[in-house]
Amino acid sequence: MSSDRWSAPERGSPALSVHRLGKRFSDRVAFQDVSFEIGYGEVFGFLGPNGAGKTTTVRTLGTLIAPTSGSATVAGIPLTPENGVEIRRRISIMPESPGLFLRLSVTENLECFADLYEAPDATDRIGGALRAVNLADRAHDTCGTLSKGLRQRVALARALLSDPEVLFLDEPTTGLDPVAARDVHELIDELRQRGVTIFLTTHRLEEAERLCDRVAILNTTLRTIGRPDELREQLFAKTLTVRTLAPLPEPGGVFAGLPAVDGWRQDGPATYVLAVSESAVAAPAVTRALVAAGADVLSISESYHSLEDVYLELIDQDNEASRR
Amino acid sequence: MSKRRVRAIFRKELREYRRNGFIVLTMAVIPLIFLIQPLVVVFALPASAAAGLSNEHLLLYMLGIPAIVPASVAAYAVVGERQQSTLEPVLTTPIRREEFLLGKALAALVPSVAIAYAVYALFLACVELFAAPAVASTLIRGPDLLAQLLFTPLLAGWSIWVGIAISARSSDFRVAQQLGTLVSLPSAVVAALIAFNVIHATLGLALGLAAALLLLDGLGWRIMSATFDRERLITGTRS
């Protein structure tokens with residue numbers, strides 16, 4: 001099939017469209033029945049525990065592995081064996097391990113990959129990629145002499161050489177210290193501002209929460225997908241936590257019948273957790289009721305569930321289901 | 001096929017050889033050892049023995065060198081990259097299997113042929129300088145020199161494809177290296193049998209062997225390209 005057949009993707013078409021995709025290695029299921037779409041310019045987080053199938057999904061979408069079921073379109077091109085070269089032209093994958101040629105310099109590594117991508121103006125591209133990852137001053141260093149964080153940056157520069165439509169980052173901060181991880185986060189932020197579509201696999205939930213427009217949680221099958229705040233709302237009831245100086249003599253009388261308060265429970269001698277349907281309505285009403293009851297209020301706070309809570313809740317559900 | 005992508009792999013490999021002198025050094029050690037025994041024999045020959053050598057092609061013994069030299073480099077070609085985690089990033093680029101393999105094979109061929117020719121030249125120089133003149137003039141013959149020039153790249157090519165085939169199916173570099181060396185031995189044995197006139201060297205035999213090796217080299221590339229399995233190399237399981 002000629003590569004000329006594939007033109008630029010239509011406006012509004014998804015960068016990645018995956019429909020019931022699955023991969024099985026003989027009797028072991030790596031992942032199955034995975035469906036989602038990602039728009040151009042989106043940063044999409046792909047979360048899951050070890051062995052959930054995240055890396056296998058990336059490898060499948062990157063044409064390194066053939067799916068055993070389902071279909072997908074990557075950068076506007078159907079995922080088929082004969083389209084492998086054309087898909088790989090349009091995407092870039094940064095594997096978990098940087099995989100640099102350690103005896104070669106940073107520039108020599110990038111020269112090799114610029115040639116493999118047949119990048120026009122290779123020298124300019126290499127310079128641009130190095131500036132993007134703040135490594136221009138280390139261009140002639142041998143990769144073997146670089147720290148792990150710097151090697152990750154070189155790998156990221158390598159992934160940028162082809163100016164990809166979709167950039168797959170597989171656990172880009174694994175094994176990095178907090179400063180190096182923060183640097184990678186800043187780079188991803190910059191790429192997002194440049195409109196690069198990013199498919200980020202990670203099990204660092206604060207990373208996904210901070211960087212991603214939407215996240216999917218995979219545990220062999222896709223457990224959920226959505227914006228981090230949507231997922232929190234889907235999974236957890238909203239609550240207000242009230243702390244008073246002394247226990248309320250009749251808390252039921254204070255909280256019953258208040259607007260947007262669906263129920264309450266005591267969570268300590270002078271701490272009360274209220275299930276609410278709308279925090280903005282409930283909080284002022286609760287405050288007024290407490291003052292009217294003569295209570296000394298220490299705090300009224302809306303409870304916050306992180307993406308980590310969502311993740312752990314879903315994985316716990318899976319673990320429980322598998323024990324049954 | 002993209003020449004630029006083939007060149008990218010070729011250039012990267014040569015740069016690695018240059019940075020790691022041990023690679024080329026270890027490639028050269030075996031041929032130099034190979035040189036000792038025939039030199040000792042030739043130096044010990046009296047001038048009167050020259051007549052008895054006229055029907056033998058002792059120089060063709062050196063054809064064992066291009067068969068053995070590339071074995072270790074070819075054995076490293078795929079499994080070595082896999083063990084260093086450098087294979088996956090390369091395979092995620094638009095490179096085609098045949099381009100990757102050709103780049104690897106050419107990069108193994110160039111130093112192997114250069115070393116084989118250099119060792120051969122050293123052998124000739126030693127014979128010319130230190131052997132009895134009558135022995136030297138009997139041993140150094142035009143057809144044998146031509147055979148050496150012609151068969152060196154052909155034998156090295158065959159050895160490289162066999163080595164790469166083993167490398168692509170091994171999970172451990174050491175196993176690949178040992179198997180590669182073992183498998184290259186039959187070519188060296190055939191060269192030795194011709195050198196010692198057990199197999200009688202004729203022009204027809206030379207042309208037939210050259211054609212067969214040329215065909216095998218071409219087939220080696222095609223077969224390797226067809227059976228090169230990205231999925232198995234990345235995951236360790238067959239697609």
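Modeller: Two residues are said to be in contact if their C-beta atoms, placed from the backbone, lie within 7 Å. The model is a predicted one. In the contact between the two chains, chain A takes part with 24 residues and chain B with 27 residues. On the side of chain B that touches chain A, at least two residues each come from α1 (3-19), α6 (87-91) and α12 (230-235) of chain B. Of the elements there, α1(B) gives the most, namely eight residues.

Within chain B, a helix pair can be described in detail. Helix α5 (residues 71-83) of chain B packs against helix α10 (residues 173-195) of chain B, with the axes 8 Å apart and at an angle of about 155°. Angles over 145 degrees count as roughly antiparallel, and α5(B) is therefore roughly antiparallel to α10(B). The crossing of α5(B) with α10(B) is right-handed. From α5(B), the contact draws on B:Ala71, B:Ser72, B:Ala74, B:Ala75, B:Tyr76, B:Val79, B:Gly80 and B:Gln83. From α10(B) come B:Phe173, B:Ala176, B:Gln177, B:Gly180, B:Thr181 and B:Ser184. The residues of this helix contact divide into seven polar and seven nonpolar, with no charged residue.

In chain A, helix α1 (residues 54-61) is mostly covered, eight of its eight residues being buried. Among them are A:Lys54, A:Arg59 and A:Leu61. After α1(A) comes A:Thr63, with a positive phi near 65°.

How values were computed:
Residues numbered from 1 in each chain as written. Chains lettered and ligands numbered in written order. Predicted model: local features only at pLDDT ≥ 70, side-chain atom pairs only at ≥ 80, totals over all residues. Helix = DSSP H or I, 4+ residues; strand = E, 2+ residues; numbered from the N terminus. Buried ≥ 20, exposed ≤ 12 C-beta atoms within 10 Å, placed from the backbone. Axes fitted to C-alpha atoms, helices over the stretch in contact; angles between N-to-C directions. Parallel < 35°, antiparallel > 145°, perpendicular 65-115°, else oblique. Left-handed = near helix turned anticlockwise from the far one by under 90°. Nonpolar A, V, L, I, M, F, W, Y, C, P; charged D, E, K, R; others polar.
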